[in-house]
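The following note is intended for a colleague who is meeting this structure for the first time. Its points are numbered so that each may be read against the model.

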Amino acid sequence: MTAADRFVTVHCDGRTGSDAATFNFITTRAVVYTSDELDTANSGNVGIGTGAGVYPVVYGTRQYAMSFENLAPVTMNGAGGTLVVDASSNTSVSTLEIRDTGAAADTYSIVDGNGTFEDVTFEGYGTLVVRSGPGSDLIDLVSLDTSAPPTAVTLDGDNATDTDTSADTLRVRSTPASTVSVTLLGGAGSDTYNLFDTAPTVDNILGPVFISSAPPAPPGDEGGSDFLLVDDSADPTGDMVTVTDTTIDGITGYAGGTDITMFFNVEPPAPPPPNDCVQINSGTGDDTIDAFAATGTVYDLIIDAGP
């Protein structure tokens, strides 16, 4: 997106009462929603371009731009393409949660944030990028609607300029299908990647997960000392798990290939040794974990075999 693309053509102020904004698309578009603090509560901007892409998103030629305040809710009805939800310009945001809206198989999911972030309900996009911006943030992928979810999801703890050095937490609890992949990008800080649902188990993650890999990750994304926790401790079934220096397989609910692909050195928060860390908590069943290194990537591996 160029500087010229950032000039808005329409400003909408909902003022008092309940005022909603709904965008209905009939063709594939790249849609960028940025939350900010320039106006009153529920302030932000929507930019629409011709581009697409997974990560980084290609905005393409500008089609429309709108700024808004005092609007709730915001709904995006897509026809393919990419939806970017970016809180880089809103310092009040520390938590972004992605979840199904609650009605089964109605195609709708929501990005719900704290602070002055205006939540956005969406459906119809092939790619979703959620970026939390500056400060130590949590991005929590709880669930997606099972009917036509985005097939490529990126959770990015960095800001729009890839300069955030804060410690972020990115969590994946579940994904609805093997066709839904999730990429986790922490930024240059000492970040934590959590893979587990409430139970805890990773059996509800039905698609592949990529950590610090777009691919490739932005320059500097692998700074800091990172920590990956794969917690399957409430799973009663036995798993055959294989761990290499870049992959973990056989532990999640994904049956279509490698469960987790890692392009990083990761590290526990305390004590901070020179290396990064991967911790795997296996379940209550008879698990077998086979760990070996192939290319010399260095990280600490902790295995909790459970009871």
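This is a predicted model: local features need pLDDT of at least 70, side-chain atom pairs count only at pLDDT 80 or more; totals for chains, interfaces and linings use all residues.

1. Strand E16 (residues 192-195) and strand E18 (residues 227-231) run parallel and are joined by 4 bridges. Within this pair, Thr 192 has Phe 227 of E18 opposite it. Strands here (E, at least two residues) and helices (H or I, at least four residues) are DSSP runs numbered from the N terminus, and two strands pair if DSSP finds at least two bridges between them. In general, strands of a sheet pair through backbone hydrogen bonds, either parallel or antiparallel.

2. Residues are numbered from 1 along each chain as its sequence is written, and side-chain values use heavy atoms, with hydrogens and water left out.

3. Strand E18 also pairs with strand E22 (residues 276-281), in the parallel sense and over 5 bridges. There, Leu 228 has Val 278 of E22 as its bridge partner. How many residues of E18 are buried? The count is 5 of the 5, so E18 is largely enclosed by the rest of the structure. Buried means under 20% relative accessible area, exposed means over 50%, and partly exposed lies in between (1.4 Å probe, protein chains only). Phe 227, Leu 229 and Asp 231 are buried on one side of E18, and Leu 228 and Val 230 are buried on the other, which leaves both faces covered.

4. E19 runs parallel to strand E23 (residues 288-291), with 4 bridges between them, and Val 241 has Ile 289 of E23 as its bridge partner. With E20, the pairing of E19 is antiparallel, over 2 bridges; Thr 242 stands opposite Asp 249. E19 and E20 make a hairpin with 3 residues between them.

5. Thr 252 lies in the loop between strand E20 (247-249) and strand E21 (260-262), and is buried at a relative accessible area of 11%. Its C-alpha atom is separated by 4.9 Å from that of Val 202, although the two residues are 50 apart along the chain. Beyond neighbours within four places in sequence, Thr 252 is in contact with Val 202, Asp 203, Ile 205, Asp 259 and Ile 260, contact meaning heavy atoms within 4.5 Å. A polar atom of the Thr 252 side chain lies 3.2 Å from the backbone nitrogen of Tyr 254.

6. Ser 212 is in the loop between strand E17 (209-211) and E18. Its relative accessibility is 3%, so Ser 212 counts as buried. The side chains of Ser 212 and Tyr 193 are joined by a polar contact of 3.3 Å. Such a contact is a pair of N or O atoms within 3.5 Å; within protein, one must be able to donate a hydrogen and the other to accept it, and residues adjacent in sequence count only if both atoms are side-chain atoms.

7. As to the whole, the protein has 0 helices and 24 strands. Of its 307 residues, 50% count as buried. The structure holds 0 disulfides, a disulfide being a pair of cysteine sulfur atoms within 2.5 Å. Cys 12 is partly exposed, with a relative accessible area of 29%, whereas Cys 277 is buried at 0%.
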